[in-house]
Amino acid sequence: MNIVIVEDEPLVASNLRKMIQKAEPEAQILAVLPSLKAATAWFTEHPEPDLLFMDIQLSDGVSFDLFKTISPDCPIIFTTAYNEYAIRAFRVNSIDYLLKPVDRDDLEAALLKFHRLQKHLPKNDLRTQLEILMKDLHSGQEKKKYKERFLVHARNRLVPVSSETVAFFCKEEIIFLVTTDNQRHISDFNTLEEAEHVLNPAEFYRANRQYIIHLQAVESIRTHTTGKLTVRLRPPLQCEVDISREKAHSFREWLG
Amino acid sequence: LRTERLERDRTNAHYENLKNQLNPHFLFNSLSSLDSLIFENQELASQFLQQLSRVFRYVLDNKDKELVELDTEVKFISRYIFLLRTRFGDALQVCIDLEEQPMSRRIVPVTLQILIENAIKHNTINEENQLTIRVFADDQYLHVRNTLHKKSIVETSNKLGLNNLKSLYRYLSPLPVLVKEEENTFAVSIPLL
């Protein structure tokens with residue numbers, strides 16, 4: 001059996017190599033590759049091994065990136081130091097993963113699983129599984145949950161405010177949350193960028209350096225000959241928010 | 001004034017969290033390396049284990065302090081760097097270039113560790129692309145500058161580390177934390193207190 005290891009930390013790689021040799025004495029370890037780049041190069045020049053051990057976090061990226069350039073058909077045992085996300089993904093797949101420091105028993109179990117799978121599954125089944133896994137990982141990233149309630153400071157207490165009552169966030173010395181009835185609270189955000197990260201872009205729009213406004217707060221927009229826009233907010237809100245010429249188009253698209 | 005105080009408490013709380021969770025990646029990766037060292041080089045393994053405990057002890061001992069002398073933080077950071085250098089070898093170069101004078105100034109504990117960890121988290125480290133970090137100071141600032149070769153994906157970044165440091169120092173110093181990204185370098189400057 002031919003094995004390739006992809007692992008960026010030399011000490012960890014040499015230990016894994018020894019452990020594999022012990023558990024699988026007749027196996028040949030063809031290469032220990034320290035980076036995504038080295039792995040890509042190796043796979044374009046060599047036939048695939050029977051089994052690949054691959055660290056998820058590599059020094060130059062995440063090993064899943066390997067499948068963008070080449071797609072190895074061989075079964076893979078992933079290794080990872082700590083990654084709840086990956087662990088969750090692997091649970092729904094039958095391809096194995098090992099937590100570092102790698103436990104000897106776990107390694108043996110993974111190898112056993114590999115031998116079993118090899119007997120019963122044609123190669124492309126593993127490939128399909130891997131595709132499903134990567135899709136899962138991907139959609140996990142896209143299906144981001146947006147924040148729907150925000151904690152604000154009211155006297156000595158923290159009070160939740162639901163996203164439906166938010167008119168806008170605005171940055172002065174700190175980030176304020178202002179509700180549709182014009183109540184001003186100190187938000188729990190450090191920066192507007194941080195807020196932007198967790199807000200649903202369908203509802204909230206980053207108008208300028210100072211404001212993120214909610215769709216429901218917009219009453220009307222006034223256009224200027226310069227291309228700039230001024231947004232009037234629904235009463236009782238009193239302020240107006242400027243949108244630069246550069247952002248005007250994307251703002252109108254967002255508004256509908 | 002009241003809002004100011006609330007805000008400050010909040011910033012502090014965020015920072016507490018940051019310090020308390022010395023990155024779990026760091027712990028488990030260090031343990032993996034240790035697993036290997038135990039067979040390859042017992043002497044180094046023992047040294048590695050001791051430095052690892054000291055790093056964690058420093059974080060525990062200092063997490064409640066508002067400020068520490070730069071000297072103390074630098075001693076801690078040398079141990080942290082020893083661990084990293086054992087893991088990454090020559091691909092990681094850290095140069096601490098500090099004279100006596102700034103050593104008695106103060107910083108928020110674990111600041112330096114957070115900055116070095118950031119550099120490691122965001123940059124490629126291998127033989128082709130060495131990561132070089134330089135720590136130096138002038139009258140007002142402690143500078144941490146590193147070569148820039150960004151990883152394509154950083155899985156565990158919540159982008160809060162630097163922002164929290166920035167807001168925390170806003171209450172401690174009239175000078176702002178400075179972040180400067182250029183084509184090949186990334187530098188963060190922390191006001192010395």
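A:L177 stands opposite A:H185 of strand 12 in chain A. The structure is a predicted model, in which local features need pLDDT of at least 70 and side-chain atom pairs count only at pLDDT 80 or more, whereas totals for chains, interfaces and linings use all residues. Residues are numbered from 1 along each chain as its sequence is written, chains are lettered from A and ligands numbered from 1 in the order in which they are written, and side-chain values use heavy atoms, with hydrogens and water left out.

Strand 11 (residues 175–179) and strand 12 of chain A run antiparallel and are joined by 3 bridges; strands are DSSP runs of E of at least two residues, and helices are runs of H or I of at least four, both numbered from the N terminus. Two strands are taken to pair if DSSP finds at least two bridges between them. Strands 11 and 12 of chain A form a hairpin with 4 residues between them, and A:N182 in the turn has a positive phi of about 65 degrees. Strand 12 (residues 184–187) of chain A also pairs with strand 8 (residues 149–154) of chain A, in the antiparallel sense over 2 bridges. Within this second pairing, A:S187 is the bridge partner of A:V152.

The largest nonpolar core comprises 49 residues, of which B:L70, B:L84, B:L92, B:I116, B:I120, B:L142 and B:I190 touch the most other members. Such a core is a set of buried Ala, Val, Leu, Ile, Met, Phe, Trp, Tyr and Cys residues joined through side-chain atoms within 4.5 Å; buried denotes under 20% relative accessible area, exposed over 50%, and partly exposed the range in between (1.4 Å probe, protein chains only). Helix 4 of chain B gives the most to this core, with 9 residues. Apart from it lies another core, of 22 residues, among them A:A167, A:F176, A:A248 and A:W254.

Over all chains, the count of salt bridges is 17, each defined as a side-chain nitrogen of Lys or Arg within 4 Å of a carboxyl oxygen of Asp or Glu. A:K18 and B:E40 form one of them, with the closest N and O atoms 3.5 Å apart. This pair crosses between chains, from helix 1 of chain A to helix 2 of chain B. A:K18 counts as partly exposed at 39% relative accessibility, and B:E40 likewise counts as partly exposed at 40%.

A salt bridge of 3.7 Å (N to O) also joins the side chains of A:D242 and A:K228. A:D242 lies in strand 17 of chain A and A:K228 in the loop between strands 15 and 16 of chain A, so the pair ties together parts that are 14 residues apart in sequence. A:D242 is partly exposed, with a relative accessible area of 36%, and A:K228 is partly exposed at 30%. The side chain of A:D242 additionally makes a polar contact of 3.1 Å with that of A:T230; a polar contact is a pair of N or O atoms within 3.5 Å, one able to donate a hydrogen and the other to accept it within protein, with residues adjacent in sequence counted only if both atoms are side-chain atoms.

In chain B, B:D71 forms a salt bridge with B:K75 at 3.7 Å between the closest N and O atoms. Both residues lie in helix 4 of chain B, 4 residues apart, about one turn of the helix.
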